[in-house]
Amino acid sequence: MLEKVLMTTLILASLAAFALRSRDLVGFLGLGEPDDRIPRNWSRKLKDQLVVVFGQRKLLQWSIPGVMHFFIFWGFVILFTTIVEAFGAVYQEGFHLPLIGTWGPLGALQDGFVVAVLVGIGMAFTIRKIQRPGRFRGSHLREADYILFAIAGIMLTILFTRAAEISLGHFPYDTRWTPVSNTFAQLFEGMSLQTREAIDTVFSWWHSLIILAFLVYITYSKHLHIITSGFNVLFTSERPKGALKPMHLDIEQMSEDDTFGAATVSDLTWKQLLDTFTCTECGRCQSQCPAWNTGKPLSPKLLIMDLRDQLFERGPQLLKAKRESDEAFQTALAELPALNPEVVEDEVIWDCTTCGACVQACPVNIEHIDTIVDMRRNLVMGESRFPREMQSALQSLETTGNPWGQPHQARLEWMKGSSRQEALEIPHISEAPDAEVLFWVGCAGAFDDRNKKVVYDFARLMQIAGVKFAVLGPDESCTGDPARRMGAEYIYQMLAEQNIEALNEHKPKKIVTICPHCFNTIFNEYPQFGGVFDVVHHTEYLAELVKEGRLKPTASMEKTVTYHDPCYNARHNDVWKGAREVIEAIPGTEYEELHRHKHSTFCCGAGGGRMWMEERMGKKVNMERTDEALASASDTLAVGCPFCNIMLSDGVTERHADSEMAVRDIAQLLLESIEFHPESSAGGNGEEYPATKETEEMSGTAAGPTDPQTTD
Ligand code: SF4
Ligand code: SF4
């Protein structure tokens, strides 16, 4: 009787502590801004639960740690039945679950998973203590050790309790199904009944006490993810992967007192706060982050942990003030430290290239980029505090509609070609309303010398294929991608509205662009402002033209080619097939993948507006990627993005490797094989575009206020 009273008291105390802490945690979420995350696409949500939560797909992408976690996760699911059995046994000898409680296969599963979890714990300790991967740098390792010991304790006490029950004859399962427990039961042979009963009592109590302590402890630890992961996956954004969190902005009504983005922890949305609860500190994001991997202070993991620390530190005071009065709450909110630089250093926020590697790697679907951009929005629009070199790019975007600061009319200059090429005559869309395709040139294509060649060659390919196409010319502006990702949402929205208006006026059947950033913005973000267009990236379009037989590569190239996937194609939009199909269609090419490719590609360093920022710390991201490409046995590095083209060409030149490796856009390679002429194949990386005087004046390579970052 005493035993039952004591156990009941402990269970109630543990549940009460769990409930009180859970109430506070839910209260902390309530401190955040609203965010409409009502699930709408239920089939996708169901799939996510089955694949990400129960199938552990993202974890299993890393085989050894994935299998380790799979064992422990499924062990917890299956062994929940043994926990119920253990507590039930306190109240009733020989207790078993109704209906399934004596079913042999369940006993076998329990036995199997006890072993699997112990193997998983052994693997976890091996990884943490012997392998010691860098991804754990900054994680709470001691806390993880306690949890692993606790889980090991739960498993061993299950085994000994089951073994004792077998030897006492009140084990609910047929022991032929439970060979492991049965083997352990041999240990008790020859012991007196009293000893075996005592062992049973000690281990079942030990087991129950660990469980009750564990229940409370997880709500204060990183193992909170055991409870929140399923919810975090359920409330994952249904936006396309490449689309940033929309921001309501009434440009007419903006005032200095408005808060833009996230200035303090309470400016984060409840979902962003839930992200912080859910971080497992596994460091997968950190291990993939180009900034962290090149020695910068940004680690997506540490950023999320810092935000969680801030919430846990300030949350209790805020909740207390909220319960007192509205006035007290407002005072407590006003006393919150600024997220930047008090909680997260400014440098950390500006290091991000928005490559998406962290979001992709995260096993619990944490959305780091939205949080980083929200902090940038505050710094740019609220504080006017950002790297000084961004200033000229932002000013140019606002005044001339492109970060190069060039006049609108200069958008047509690329059509003149080099001094050895014929000028192209491509109509404005208003002169060709029946055009099959609107060629969206993009700012880098229009103003950067190297990319003017790409744009010219792509236009030639469309002419050869007989595609009826047109351009917007001076009516095209920057899509706003760099402005949005730098945090200047008001400039982005201004540009987006202008472009959507121009596009809606001409209603193009299909838009083709050579720039993954333009593609992503028009395809994924313009719908947030009512602009829905059929957009395709030129690598996919060229692959289609080749398949249809409209383009026939015939000249043998004798090149060993590798391809650098742009993040905004491969990772954000799953666009990676076309480029490979085009390369494979070119006779005489031998293709070799880079080590990091497709969804696992490594950033060139230009995304997230980083093109217009200096890299002051660590190794330059473009050099890291260039070194990877140079280490391959290829002589040609194919690209599908004007920014990657600039960054990697500069990288190859900086390594003095122009004679070893040529950087070429997919369109240039294809044209070489179709219509060989010296202009399209000659020259090293970063060669001078043989431009007219006018184009030289416009050139982004001329020293000027809007020079993008270079690698020298
Ligand atoms: S988006 Fe890329 S650069 Fe930014 S934190 Fe994530 S991994 Fe790092
Ligand atoms: S954010 Fe995701 S990937 Fe990064 S440490 Fe946390 S759980 Fe792991």
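The following legends describe close-up views of a predicted model of one protein chain with its ligands.

**Figure 1. Overview of the protein chain.** The secondary structure of the chain consists of 32 helices and eight strands. Its C-alpha atoms fill a box of roughly 100 × 65 × 45 Å along the principal axes. Of the 712 residues, 59% count as buried.

**Figure 2. The surroundings of ligand 2.** The shell of ligand 2 is made up of 13 residues, of which Cys279, Cys282, Gly283, Cys285 and Cys362 are the closest. Seven residues of this shell are nonpolar, three are polar and three are charged.

**Figure 3. The crossing of helix 4 and helix 5.** The crossing of the two helices is left-handed. In the contact of helix 4 with helix 5, 20 residues are nonpolar, five are polar and one is charged.

**Figure 4. Strand 1 and its two partners.** Strand 1 (residues 437–440) is covered on both faces: Val437 and Phe439 are buried on one side, and Leu438 and Trp440 are buried on the other. Strand 1 runs parallel to strand 2 (residues 469–471), to which three bridges join it. In this pairing, Phe439 stands opposite Val471 of strand 2. Strand 1 also pairs with strand 3 (residues 511–513), again in the parallel sense and over three bridges. Here Trp440 stands opposite Thr513 of strand 3.

Figure 5. Three bridges connect strand 5 (residues 559–563) with strand 6 in the parallel sense. Lys559 stands opposite Thr589, which belongs to strand 6.

Figure 6. Most residues other than glycine have a negative phi, and most peptide bonds are trans. The peptide bond from Asn340 to Pro341, by contrast, is cis, with omega near 5°. Pro341 lies in helix 15, which covers residues 339–343. Glu558 is not a glycine, yet its phi is positive, at about 50°. Glu558 is placed in the loop between helix 25 (538–547) and strand 5. Because its relative accessible area is 61%, Glu558 counts as exposed. Asp574, also not a glycine, has a positive phi of about 55°. The loop that holds Asp574 lies between helix 26 (567–573) and helix 27 (577–585). Asp574 has a relative accessibility of 43% and therefore counts as partly exposed.

Conventions. Residues are numbered from 1 along each chain as its sequence is written. Chains are lettered from A and ligands numbered from 1 in the order in which they are written. This is a predicted model: local features need pLDDT of at least 70, side-chain atom pairs count only at pLDDT 80 or more; totals for chains, interfaces and linings use all residues. Side-chain values use heavy atoms; hydrogens and water are left out. A residue is near a molecule or strand if one of its heavy atoms lies within 4 Å of it. Ala, Val, Leu, Ile, Met, Phe, Trp, Tyr, Cys and Pro count as nonpolar, Asp, Glu, Lys and Arg as charged, and the others, Gly among them, as polar. Buried means under 20% relative accessible area, exposed over 50%, partly exposed in between (1.4 Å probe, protein chains only). Helices (H or I, at least four residues) and strands (E, at least two) are DSSP runs, numbered from the N terminus. Two strands pair if DSSP finds at least two bridges between them. A crossing is left-handed if the near helix is turned anticlockwise from the far one by less than a right angle, and right-handed if clockwise.
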